[in-house]
Amino acid sequence: MAEQFVVELKHVTKKFPGVVAMRDMHIQIKPGEIHGLIGENGAGKSTLIKVLTGVYVPEEGEIYVEGRQQVFKNPVQAREAGIACVYQELNIVKMLSVVDNVFMGRRITNKFGLLDYAYMHEEARKALSALGHGTIDTRMECGKLGIGQQQMVEIAKAITQNAKLIIMDEPTSSLGEQEVKQLMDTVRLLKDRGIAILFVSHKLEELFELCDRVTVMRDGEHILTSDISQMTGDSLIEAMVGRTLENQYPKIPTSRGEMALKVENLTQIGAIRDVSFEAYAGEILAFAGLVGAGRTETMRAIFAAEKPDSGKVYVKGKEVSFKNPGEAIRSGLAFLTEDRKGQGLVLSESVKTNLILSNIKNYRKGPLLNHQEINKVSEDNVKTLRIKTPTIEEVVVLLSGGNQQKVVIGKWINSDADIYIFDEPTRGIDVGAKIEVYNVMNRLVSEGKCIIMVSSELPEVLGMADRVIVMREGRIMAEIPRESPHFNQNDIMKAAWGGEIA
Amino acid sequence: MTTAVKKRSNVGDFIMKIAPLTVLAILYILFSIMHQGKFMTMANQMNILKQTAVNCLIGAGMLLALITAGIDLSVGYNAILATCTIGVLMQNFGITSALILIPVAILVSTLAGFINGTLLTRLDLPHPFVSTLGMKNVLWGVALLITSSKTIGFTNKGIDNTLWIGRATFDVNIFGLKLLTGFPVSFILVLVVYGFFHVFLNHTALGRQIYCVGGNPEAARLSGIRSKDVLTVVYMISGFMCGVAGVVLAGRLNTANTASAATYDTDAIAACIIGGASFRGGKGTIWGTLLGALLISTIRNGLNLFSAGNDIQYIVIGSVIILAVTIDVTRNKLEARARKLATV
């Protein structure tokens, strides 16, 4: 072997029912290098991390650690082989002390069989000093530390386990500027100790500042690995998005009607700032941006799912201030949430109950429910939306993802809304169901409804939107109409990554 | 693939549905043989119904709480408080009219339920376990306070109208044939109330909303259902049912006694769980609860006929509750597995 890699992946494929999450992936990480990993949302980065840490067992392919082939059947085996991961959501038990967190899951006992705290404190202190954070008191309760310091505790945990590779999944996303600097210093200290780092980030500037090499993923596949000095921001973005638009977007032209929704300076501290925009009847307005850019938060604030701290919302020219989602629905808003199972459906209930969930009170005859009417409407929905279900009494949990999504869409169509907010309407459903969802959107706009579509899939945005608003870190970065020359993947991505559109 | 799974889960569903009925039938056969001439008598059967009534009434309210993935641990003392309210109004204020005693008792219990709901939804206490466990003690204390910790007797105090519903029985004779003798009016009340609950849960908007809030409170909220209001109403109804149970208790026990609430809460929970409700919420039926309550009364009655003391009864009923919960947990696991298989 010409060059020894600390971790190497060859021809790894991971499948899920109906989807291939990672196909023929390969990556080689050298000892003591900082290796960047980027890709769009859903490009397969998380899958790669989970394969490396033993959370997923791939169907095909080989994993080598320091030249020896390994099969990780569970996270413990990956940890023992020397692969550690600092997740975006830290695995810190806030009520426990620093030392307890560093040694969680391991028992170091003295000759009496009791935990050897003297030794553990010593080791934890050593590890933290090596990270340049020797000042952290190992007796301190972790919850009292800042996020940056909690992250250090996680990294200390990794190095006391003799990790050879530490994966950092968007480690800077919840840090302040000062903490980011400290983290970068720590990462360089780790590099000097010969520990390899796989640095997953959405921020190009960080990658350029920190990494030696970078790997780009797209659609679950390896696109390129290169020295970062050979790359530019534009070339990285091109590698991330570089695919051609296929004709799976049956957009039909419509004419823009009156203003349906106007939002002024909507602010939710810590999530969105000064968001202002207008949406019109008969158009599809898309919201693009990276995960965590504040798009969903904006929609939740408009719908009063989470009350905004400040800002104004106008529906058809009239100012409104919803106290709860019920009021928003009565004003003609509908909100298809991105989390279908957690927020959209009552999984334990029937198709028909879910279809009438948002306006059940409209189906009353006296004090009782009019089951005939409910059945008629549900049967209608099943037919027009082509929901594949044996009967309307079927429990929705047994339906496929695409059909579940159609049930949610049916629920909102029944509420007879004028403004439809669709948050990731095609996430996790197959291509056929996607096209049917687009057709429903077409039908709604041609009936003069207003659609706001939040989507992380750029081809979908370009395929269906009349106008796109790009958000980044809680703010609107750009607004691009379909006619504009900037209405293309590269410019939208540039705005989403914080760049200027020329 | 999918259809095979569905068939299997339907069979499983069916077995789960008839399981309590099967157990009840087996118990009947068993007790009939073991207590020949004692168990299958008209008087004893009517006794079982009489004993079931209070648990059925409390269980109906408990069912709603369980459907919303909650629990109401205050039911026992809430019912006792209703009985004590009747006693205090009679003894200290000389009120004897059923038209005052019954509504006031029920109102007091409903108010306690409203407080339960408010604590849960407006103070955002983590789980109704907390609010209702606290309220259980509060209500016990209030009952002791208003009665000065004394037992109040109802015999010959001129409030027989109020006691009638918990006490009265009637006979059914058809063409001189004694079909039923000593059928308790309180069980008729149960059947009427359960009929109402059946309609309420299945045929009204609020009833369906209770299931939806139980199945997924966030989805319900984002669909415009006021989850908090629905929950508050659920605990008020539970309180209301405790009030009704308290009135029946007054007639059945002939006393207002703060010490008698011991097993009402667990019996009610057990009745619901045996009847198909789940601690995870979202399911349960009123007729299942009726079966569950009958099952528990039958076990108690059978043990009584063995002249088994309280000790044995507690042990057996405790085991039955644990068994019922185990079945519930197993059922959930099986369903989760069926779901996983169905999505492959």
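Which residues is Ile58(B) in contact with, leaving aside its neighbours within four places in sequence? In this predicted model, the partners are Val75(B), Ala79(B), Met241(B), Cys242(B), Ala245(B), Tyr264(B) and Ala268(B).

**The nonpolar core**
- Ile58(B) is among the residues with the most contacts inside the largest nonpolar core, alongside Ile166(A), Ile421(A) and Leu57(B).
- That core has 241 residues, and its largest share, 15 residues, comes from helix α10 (residues 227-253) of chain B.
- As background, nonpolar side chains tend to be buried together in soluble globular proteins.

**Chain A overall**
- You will find 17 helices and 22 strands in chain A.
- Its radius of gyration is 25 Å, close to the 23 Å that the globule rule gives for 502 residues, so chain A is as compact as a globular protein of that length.
- The C-alpha trace of chain A spans about 75 × 55 × 45 Å along its principal axes.
- Of the 502 residues in chain A, 48% are buried.
- Among contacts in chain A with a separation of 6 or more, 69% are between residues 24 or more positions apart.

**Domains of chain A**
- The domain assignment gives domain 1 (7-241), domain 2 (246-332 + 420-502) and domain 3 (340-416).
- Between domain 1 and domain 2 of chain A, the C-alpha centres lie 34 Å apart.
- Where these two domains touch, eleven residues of domain 1 are in contact with twelve residues of domain 2.
- Helix α8 (residues 233-241) of chain A gives the most to the domain 1 side, with five residues.
- By class, that domain 1 side has four nonpolar, six polar and one charged residues.

Notes: Residues are numbered from 1 along each chain as its sequence is written. Chains are lettered from A and ligands numbered from 1 in the order in which they are written. This is a predicted model: local features need pLDDT of at least 70, side-chain atom pairs count only at pLDDT 80 or more; totals for chains, interfaces and linings use all residues. Helices (H or I, at least four residues) and strands (E, at least two) are DSSP runs, numbered from the N terminus. The radius of gyration is taken over C-alpha atoms; the globule rule is 2.2 Å times the number of residues to the power 0.38. A residue is buried if 20 or more other C-beta atoms lie within 10 Å of its own, exposed if 12 or fewer, and partly exposed in between; C-beta atoms are placed from the backbone. Two residues are in contact if their C-beta atoms, placed from the backbone, lie within 7 Å. A nonpolar core is a set of buried Ala, Val, Leu, Ile, Met, Phe, Trp, Tyr and Cys residues joined through C-beta atoms within 7 Å. Domain bounds come from an automatic or database domain assignment. Ala, Val, Leu, Ile, Met, Phe, Trp, Tyr, Cys and Pro count as nonpolar, Asp, Glu, Lys and Arg as charged, and the others, Gly among them, as polar.
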